[in-house]
Amino acid sequence: MLDSAFMPALAFELILPPLCSLFGALFVLILGAFTHNKHPKTLGFLSALSVIISCVFCFFLRNYDGETGFFDMVIFDSFSFLAQFLILLSALGFILLSISPKLPQSYKSGEFYALILSCVFGLQILVSSSHLVLILLGLEIASLCSYGLIALGGGRGNLEGAIKYFVFGAFSTGFFIFGVAFLYLDAASLDLREIFSVDSLSLPLAIGFICMLCGIGVKISMFPFHTWTPDAYEGANPLVAGFLSLAPKIGAFILAWSVFSRFLVLERTIAPQNSYISAIIFVLVVLSMTLPNLLALTQKDVKRMLAYSSITHASFLLAMIFVNSVQALEGFFLYWFMFVVANIGAFGMLWILRLDSPDCTLSRFVGLGRRAPKLACLFALFLLALIGIPPLSVFWGKMYVMQAAIDSDYVFLALIMALNSAIAAYYYLRVIVAMFLLSDSNSLDSQQESQTAEFDTSFMPLFVVSVCAIFVIISCVLAQKLLSFLEIFI
């Protein structure tokens, strides 16, 4: 017989959302093995169903504000709910995009969907815990699955990207474990709530901060640990690259907020005269926002360009961690919602345009507006949204995070954001100019028609990007409602 105190301490219902993802991963893996992966669409729909069920459980648990379970190692609060919802939304978008007859053979397997769902499971564990052992476990599950997803394509570029990501990931894990050790040395606890309930900034705590900064910095592609990102994106399939640009980044940024915001609060409360933590984070925000943006200007490969631009977008979120106010937290989640939908649409269009080969150069977009005007207009819409052109989705996220910085008296930071947004417009507009204003004199009409025939115009990918396009357009109406929704939870 189980002890009567065991089940309340376990609070099994709080871990139902990640368990849905885990069981879904095991089910599609076993089903794929028994059916010899002959029904990839079925595997895709079952994976999507698993994500939807996990999302439903999250909504049922949304009133469990601050409830703890799994022996106080798991906490379900508004922060965890919003993070899990964003992760599940990202996964659902790319799973549905993959339900296509033109999916490469190496991805028509239970392993592909099992890796995505296992990665989601690890991320859900990561964002639902304040215990460093469980956080490390979730982080490593998600990271190992990410390496596998990149390498699954089997090509040279896939393996090169996966190996580089793996090496940086091992570096990240080592520093993270060192950080955990120093934090434990200072507080004799592995729970973040207890670690930061101190009244002084000790040397072990300071060293722990530096180690954590390096460990988490790799995961969020923060300068100078960002160099793996363009290689991994270039080598990966657009579906995998798009998924990696969202779901793992969301989990890593939730971890960054949980750790760095506590350091900032501790410093600004106890030792405001010694603001070295704030200074370090501020410098890294500015460098992470500016240098990758400048590197994106020189890129001829569109996936590499989107990789560098995603680092710049991530820096806007890192800036909100630095500001660390209630308004900044609202801006953090608003930006994520707006960016997730626009990014699913952008990478979804790369997939529909069949740009999953190693050659994803700008020259392949030349004349696309004449060959496939509707698809070109859709892709242009998502690129304009990523620039932050009003009244499209990311514009509202950028405006709100800049306002949060100004309201907290960080006017210079808001100015840096505005300047980098202007720089980003150039390399996004290069793609739009290539599609609509340039013509390839070396291309014959027959070659153009054959290229158009290769586009993936199956129902599900077009449905996903159409839904994203509608959201991007009507975001001017939804932004205030989304903010009101966030204010309920924050």
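How are helices H12 and H14 oriented to each other, roughly parallel or roughly antiparallel? Select both to find out: H12 and H14 are roughly parallel, where angles under 35 degrees count as roughly parallel, over 145 as roughly antiparallel, 65 to 115 as roughly perpendicular and the rest as oblique.

Before going further, note that this is a predicted model, in which local features need pLDDT of at least 70 and side-chain atom pairs count only at pLDDT 80 or more, while totals for chains, interfaces and linings use all residues. Residues are numbered from 1 along each chain as its sequence is written, and side-chain values use heavy atoms, with hydrogens and water left out.

**Helix packing around H14**

Stay with H12, residues 247-270, which packs against H14 at an angle of about 30 degrees with the axes 8 Å apart; axes are lines fitted to C-alpha atoms, for helices over the stretch in contact, and angles run from 0 to 180 degrees between N-to-C directions. Helices here (H or I, at least four residues) and strands (E, at least two) are DSSP runs, numbered from the N terminus. H12 passes H14 in a right-handed crossing, a crossing being left-handed if the near helix is turned anticlockwise from the far one by less than a right angle, and right-handed if clockwise.

**The salt bridges**

Side chains of opposite charge can pair when their charged atoms come close. A search of the whole structure finds three salt bridges, each being a side-chain nitrogen of Lys or Arg within 4 Å of a carboxyl oxygen of Asp or Glu.

Select Lys164 and Asp231, whose side chains meet in a salt bridge with an N to O distance of 2.6 Å. Lys164 lies in helix H7 (residues 156-187) and Asp231 in helix H10 (residues 228-235), so the pair ties together parts that are 67 residues apart in sequence. Lys164 is partly exposed at 30% relative accessible area, whereas Asp231, at 17%, counts as buried; buried means under 20% relative accessible area, exposed over 50%, and partly exposed in between, with a 1.4 Å probe and protein chains only.

Move to Arg193 and Asp191, whose side chains meet in a salt bridge at 2.8 Å, N to O. Arg193 is partly exposed, with a relative accessible area of 34%, while Asp191 is buried at 8%.

**A loop residue**

Select Ser189, which lies in the loop between H7 and helix H8 (192-195) and counts as buried at 8% relative accessibility. With Phe166 also selected, you can see two residues that are 23 residues apart in sequence and 29 Å apart in space, C-alpha to C-alpha.

**A last stop**

Finally, select Phe23, which lies in helix H2, residues 16-34, and is exposed with a relative accessible area of 53%.
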